[in-house]
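Reader: Hi! Could you walk me through this one?

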Amino acid sequence: MFTGIVEELGEVVAVEDQGASARLRLRGPRVTADARHGDSIAVNGVCLTVVETGDGEFTADVMAETLHRSSLGALTAGSPVNLERPMALGGRLDGHLVQGHVDGTGTLTARHDADSGTELTVALPEGLGRYLVEKGSITVDGVSLTVVEAADDHFTVSLIPTTLSLTTLGTKQPGDPVNLEVDVLAKYVERLLGASAPGLANELRRSEATR
């Protein structure tokens with residue numbers, strides 16, 4: 001589990017194409033300070049497993065499903081990336097519960113900069129809009145953000161200057177893709193309600209019959 005509070009703005013050192021998969025080498029001295037083989041590090045919101053680490057860098061393999069679901073396939077040497085280590089048990093939850101399992105990619109459609117911060121509008125892939133609510137949480141490229149406006153096909157978020165300076169969102173422009181992870185609690189609620197729907201319908205019918 002992660003919190004969506006980016007620890008470090010890292011950089012892609014190299015990308016090795018392995019056909020259906022890829023191996024990334026990334027620089028992040030802070031997140032690799034205590035990293036070992038098999039540990040997890042979130043890269044732009046995607047939970048990856050450390051293969052090797054040393055000299056402030058680590059390598060991670062990215063499978064075909066991850067390349068399909070996320071924007072990691074578009075990374076090249078020199079690309080900046082948001083990095084976060086998993087939340088320590090007993091630590092503060094400063095963002096929200098983030099799994100590092102990207103639900104899809106959105107597209108930044110508008111950016112409005114002001115002295116106090118920046119508002120971003122992001123187009124949603126089909127089917128994700130039902131999981132968003134105003135003042136709820138969403139993860140954008142690994143950054144925990146509060147939804148300002150929620151619609152079926154887009155949402156807006158407001159970013160403070162600190163977030164702009166410490167994450168990749170500070171340089172994102174309209175047309176850029178972003179990784180999205182909706183609040184996992186919303187998906188569990190939907191699943192539970194869907195499973196109980198037939199039982200609820202039967203209970204309602206029985207209630208009507210006894211009136």
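Author: Happy to. A term to begin with: a residue is buried under 20% relative accessible area, exposed over 50%, and partly exposed in between (1.4 Å probe, protein chains only). Arg130 is exposed, at a relative accessible area of 53%. This is a predicted model, where local features need pLDDT of at least 70 and side-chain atom pairs count only at pLDDT 80 or more, while totals for chains, interfaces and linings use all residues. Residues are numbered from 1 along each chain as its sequence is written, and side-chain values use heavy atoms, leaving out hydrogens and water.

Reader: Thanks! Which side chain does Arg130 meet in a salt bridge?

Author: That of Glu190, at 2.5 Å from N to O. A salt bridge here is a side-chain nitrogen of Lys or Arg within 4 Å of a carboxyl oxygen of Asp or Glu. Arg130 sits in the loop between β8 and β9 and Glu190 in helix α3, so the pair ties together parts 60 residues apart in sequence. Helices (H or I, at least four residues) and strands (E, at least two) are DSSP runs, numbered from the N terminus.

Reader: And Asp141 with Lys172: buried or exposed?

Author: Asp141 is buried at 0%, and Lys172 is buried at 16%. Their side chains form a salt bridge too (3.5 Å, N to O).

Reader: How many salt bridges in the structure?

Author: Nine.

Reader: New topic: what do the strands β7-β8-β11-β10-β9-β12 make?

Author: A closed barrel of six strands with antiparallel pairing; two strands pair if DSSP finds at least two bridges between them.
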